[in-house]
Amino acid sequence: MSARALAADLRRELGGAAVPDGDLRHYGHDATEAHGVHGTPAAVVLPADTAGVAAALRCCDRLGVAVVPRGGGTGLAAGAVPLGGEVVLGLERLTAVRALEPERWRMHVEAGLTTGHVHRLARESGLLFPPDPGAAEQSQIGGNVATNAGGPHAFKYGVTGRWVTGLEAVLASGEVLTVGGPLRKDVAGYDLRSLLVGSEGTLAVITAAWLALTPMPEARLPVAAAFDSVGAGCDAIDAIVASGLTPAILEYLDAGTLEAAGAAFPAALPAPARMLVIAEADGSAAEAARVRSELVEVLGDGALALHAPQARGDVEALWRWRDGVSTAVAAHRGGKMGEDVVVPFERLRDVIAATVEIGARHGLPACSWGHAGDGNVHATLLVRRDDAAELMRAQAAAEDLFAAAVALGGSVSGEHGLGWVKRGQLERQWAPAALDLHEGVKRLFDPHGRLNPGKKLARRDPPPGR
């Protein structure tokens with residue numbers, strides 16, 4: 001079926017407003033950096049509600065057409081890129097707040113609501129939705145659930161899935177499924193909710209979520225400590241964890257990252273600084289002050305310098321700087337290829353060293369930063385975007401980074417998902433029986449393989465019939 005005929009069929013089924021015409025290139029890529037992954041959708045469908053999503057999937061099922069679900073397009077693993085002429089099903093019009101119940105610490109929202117909007121709704125009610133992945137004003141809550149996104153606050157508060165109590169989703173057949181809901185405990189059956197969380201649109205299309213909330217901390221007080229070596233910085237991180245303190249955030253930035261972004265740091269960084277550790281205390285004013293004082297004591301032992309702002313503007317300046325680190329690093333040589341891996345936090349120093357060594361082996365500058373308390377590392381290779389040879393070397397280096405993470409007892413992805421970029425990488429860390437189960441779950445939910453084909457593959461080259 002031609003793209004024109006397919007769009008016409010979808011318009012008859014869904015109405016013209018749901019099937020845009022014209023330039024659809026925006027829907028052919030996500031935020032994948034330096035990989036050069038892009039595609040062309042056969043058509044784009046933008047339903048206004050769950051019934052529209054179900055109708056679109058029924059239509060595509062009848063026509064035998066594959067579908068790529070899409071949220072805000074901020075993914076970093078090419079999980080929402082149509083690479084085989086699929087229909088892109090965008091959730092951007094599903095923005096209803098179905099219920100906001102601050103007295104019960106929960107809300108029910110549709111998948112297209114941005115993460116920033118969810119944060120504001122909670123904050124205006126004196127509550128907190130803790131997951132804070134990047135691009136909050138563009139990323140959508142459905143995409144955050146579909147990738148089980150994390151963020152800096154995951155050290156204390158956990159990743160997105162911890163705050164999801166129920167989901168509405170639509171199967172490839174168009175059947176609407178609800179698992180969980182506005183309840184705090186749901187253990188009677190197999191945990192289908194958790195299967196859908198992190199499934200990256202390969203099992204069903206998430207259309208709405210029940211989200212748990214928690215009271216907003218009265219105070220948030222960060223402490224940033226500069227160290228003269230990675231070893232000293234990692235010792236400080238180990239000391240924080242061993243002390244029993246529970247900072248809301250525990251981040252690190254290595255020497256290469258500081259070289260690219262350190263000039264804009266909102267305080268003087270000593271020239272010998274080779275690693276920066278940032279921790280944040282939160283809670284009541286008294287509790288945050290107490291934890292901050294203890295963080296200052298632990299981090300100050302061996303630090304070259306401490307920056308512990310307390311005024312709101314100074315605290316915000318620190319986090320604005322941290323939010324801009326990725327952009328500053330990319331600007332250093334014109335581009336970057338960032339790989340999201342995770343290791344046991346006690347192996348942090350090893351993966352930091354491995355990132356630099358692997359980059360050097362492939363002739364590329366490399367650096368890393370990330371969520372130290374989780375061992376979640378954004379291992380980053382600096383490239384020139386217009387240099388094809390460098391991009392090829394960066395892709396080869398990425399394979400070595402995945403291997404290094406697994407060798408250190410870790411995983412090939414900490415919060416960005418597998419998508420297309422990391423398809424098949426689970427072979428590095430799972431036994432064949434686990435890979436078989438992964439593929440079996442996919443077949444059970446999506447027997448014809450029409451939901452986000454080619455994404456989140458356990459094996460790069462699955463055996464026939466799988």
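By class, the residues lining the second largest pocket are 15 nonpolar, 17 polar and 10 charged; here Ala, Val, Leu, Ile, Met, Phe, Trp, Tyr, Cys and Pro count as nonpolar, Asp, Glu, Lys and Arg as charged, and the others, Gly among them, as polar. This is a predicted model, in which local features need pLDDT of at least 70 and side-chain atom pairs count only at pLDDT 80 or more, while totals for chains, interfaces and linings use all residues. Residues are numbered from 1 along each chain as its sequence is written, and side-chain values use heavy atoms, without hydrogens and water.

The largest share of that lining, six residues, comes from helix H14, which spans 432-445. Helices are DSSP runs of H or I with at least four residues, and strands are runs of E with at least two, numbered from the N terminus.

I turn to the cores. A nonpolar core is a set of buried Ala, Val, Leu, Ile, Met, Phe, Trp, Tyr and Cys residues joined through side-chain atoms within 4.5 Å. In the largest one, of 50 residues, Leu-167, Leu-211, Leu-276 and Trp-321 touch the most other members. Another core, of 47 residues, lies apart from it and includes Cys-234 and Val-341.

Finally, is Thr-380 buried or exposed? Thr-380 counts as buried because its relative accessibility is 1%, where buried means under 20% relative accessible area, exposed over 50% and partly exposed in between, with a 1.4 Å probe and protein chains only. Thr-380 belongs to strand E17, residues 376-383.
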